Amino acid sequence: MILKPQDILVLLKLVAIGRNDWSYNRLAVELGMSPSEVHSALKRALTASLALQKADKITPYIRNLEEFLVHGIRFAFVPERGEMTRGLPTAYAAAPLNSIFLPDGEPPPVWPDPQGEVRGMAFSPFYKSAPKAAQLDPALYELLVLVDAIRGGRARERAFATKELQQRLKTYEQNAESEPRNLDACREPVGETG
């Protein structure tokens with residue numbers, strides 16, 4: 001079993017939607033993946049102990065996910081940097097980090113996108129559909145920005161992004177403990193993808 005970048009995208013999407021109901025089909029549409037890709041991603045996440053399953057409900061295993069995002073993702077999914085292009089800002093150039101770090105005169109990192117409104121240096125997303133998914137979900141976008149700052153930022157950017165990401169994961173975990181669980185939230189059994 002090899003962890004794939006889409007596994008992390010699916011887990012971050014689950015963090016972004018909180019305790020709201022989800023289905024494989026809904027996640028697939030919102031992440032630009034097929035339902036079978038989402039199912040496989042969650043299966044790998046369970047095997048890697050980055051997710052937990054109780055009855056039919058799969059949730060991120062926050063402690064392990066945090067450890068991987070903070071200490072492993074920058075080595076597992078190294079960003080490729082490229083030439084100047086149009087795109088969607090990421091890392092220190094997008095919220096929530098752009099209010100902390102002032103532009104330093106260098107072109108900002110961007111996920112390449114022909115419809116992008118910012119010109120900057122190409123910075124590869126860790127999964128190809130992440131930019132489109134981010135445009136549909138501001139909470140997911142911010143999580144991806146924080147992860148990108150950890151993946152490819154300077155020491156100060158990584159430190160701030162780490163602290164902010166840890167706080168968001170802690171909030172997710174606290175909300176999970178305080179809210180009653182609806183075990184029917186995952187409408188499809190784990191063994192089915194349709």
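Reader: Trp 111 and Tyr 141, are they buried or exposed?

Author: Both Trp 111 and Tyr 141 are buried, where buried means under 20% relative accessible area and exposed over 50%, with partly exposed in between (1.4 Å probe, protein chains only). This is a predicted model, in which local features need pLDDT of at least 70 and side-chain atom pairs count only at pLDDT 80 or more, while totals for chains, interfaces and linings use all residues. Residues are numbered from 1 along each chain as its sequence is written, and side-chain values use heavy atoms, leaving out hydrogens and water.

Reader: How many aromatic pairs are there?

Author: The count comes to five aromatic pairs, taking rings of Phe, Tyr and Trp (its six-membered ring) as paired if their centres lie within 6.5 Å, with planes under 30 degrees apart counted as stacked, over 60 as edge-to-face and the rest as tilted. One of them joins Trp 22 and Tyr 24, edge-to-face at 5.4 Å centre to centre with 80 degrees between the planes, and both of these residues are buried.

Reader: And why is the pair of Trp 111 and Tyr 141 tilted?

Author: Their ring centres are 5.7 Å apart and the planes stand at 45 degrees, so the pair of Trp 111 and Tyr 141 is tilted.

Reader: Which rings form a cluster?

Author: Phe 68, Phe 77 and Phe 126 are linked into a cluster by ring pairs.

Reader: Switching topic, what does Leu 12 touch?

Author: Leaving aside residues up to four places away in sequence, Leu 12 touches Leu 69, Phe 126, Leu 140, Leu 143, Leu 144 and Val 147, contact being heavy atoms within 4.5 Å.
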